[in-house]
Amino acid sequence: MISNVIFDLDGTLLNTIDDLADAGNWVCRRHGWPTHTVEEYRYFVGNGMAKLAERFAPEDQRTPDGVQAILAEFMPYYNAHKEDKTAPYPGVRTLLERLRGEGIAMAVLSNKAHTLVPGIMEGYFPGLFRHIQGAVEGMPTKPDPTLLHRLMGEMGAVREHTLFVGDSSVDIRTAKNGGLTSCGVLWGFRSRGELEAEGADHIAQTPEELGDLILGL
């Protein structure tokens, strides 16, 4: 029986890709660098903001100092525009309210900077999540399970009753590294093929299907 569900954020609960792409391309245009399509950004995201900056920047800018300089431009712009186009995926709010009504404890684990995540969650899903964890400077991000295990400790969650839900191979690998059952979702940034290749235990095509799966496990 599943009594705890830990969700990825970007590509799972919220469609954030357009705002991320707009912020990345804003930095690129400032420097005269090539810009990228939204489809390309689907594969740039997932490993944290530093890795995103590294991926959209030209190769000669991908030094540690170069990435930090890019982030110093990217983060304030993204923070100011992170809600321009971002929205919950259709059916997600209904799913979360259904799970809460059934007594399922829910949490979020994101590779987005922790300084941003609580405000985003409260803005889009007020009162639905007691436990929220984003990336912390100096600590490893997903798929490393360090922050996952810390989050589970705060929840009082045990592995055999906890499901990890996400849209990418990073999320499936996070679940594996943390000893959890995983479910990949198909409405996000990545494909069924990627989720299956990573070894997802379950795959859900819609939020309604995900709800049925969780309550049936």
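Cores and a helix face in a predicted model

Modeller: In this predicted model, Leu210, once its neighbours within four places in sequence are set aside, is in contact with Phe7, Leu95, Val165, Cys183, Val185, Trp187 and Ala204.

Biologist: What makes the 54 residues of the largest nonpolar group a core?

Modeller: A nonpolar core is a set of buried residues of nonpolar kinds joined through side-chain atoms within 4.5 Å, and the largest such set here has 54 residues, with Phe7, Leu13, Phe56, Phe74, Phe125, Phe129 and Leu210 having the most contacts inside it. A second core of 12 residues, with Ile6, Phe164, Ala175 and Leu180 among them, is separate.

Biologist: Which residues of helix α7 are buried, and how do you know that they line one face?

Modeller: In α7, which spans residues 146–155, the buried residues are Leu147, Leu148, Leu151, Met152 and Met155, each therefore under 20% relative accessible area. Seen down the axis of α7, these buried residues fall within an arc of 140°, so they line one face of the helix. Their cover includes the strands β1 (4–7), β4 (105–113), β5 (131–135) and β6 (162–166), together with helix α8 (169–178). After α7 comes Gly156, with a positive phi near 70°.

Biologist: Why is the radius of gyration of the chain said to agree with that of a compact globule?

Modeller: For 217 residues, a compact globule would have a radius of gyration near 17 Å, and the chain has 17 Å, so the two agree. Buried residues make up 52% of the chain, and of the contacts between residues at least 6 apart in sequence, 62% join residues at least 24 apart.

Notes. Residues are numbered from 1 along each chain as its sequence is written. This is a predicted model: local features need pLDDT of at least 70, side-chain atom pairs count only at pLDDT 80 or more; totals for chains, interfaces and linings use all residues. Side-chain values use heavy atoms; hydrogens and water are left out. Buried means under 20% relative accessible area, exposed over 50%, partly exposed in between (1.4 Å probe, protein chains only). Contact means heavy atoms within 4.5 Å. Helices (H or I, at least four residues) and strands (E, at least two) are DSSP runs, numbered from the N terminus. The arc is that of the directions from the helix axis to the C-beta atoms. The radius of gyration is taken over C-alpha atoms; the globule rule is 2.2 Å times the number of residues to the power 0.38.
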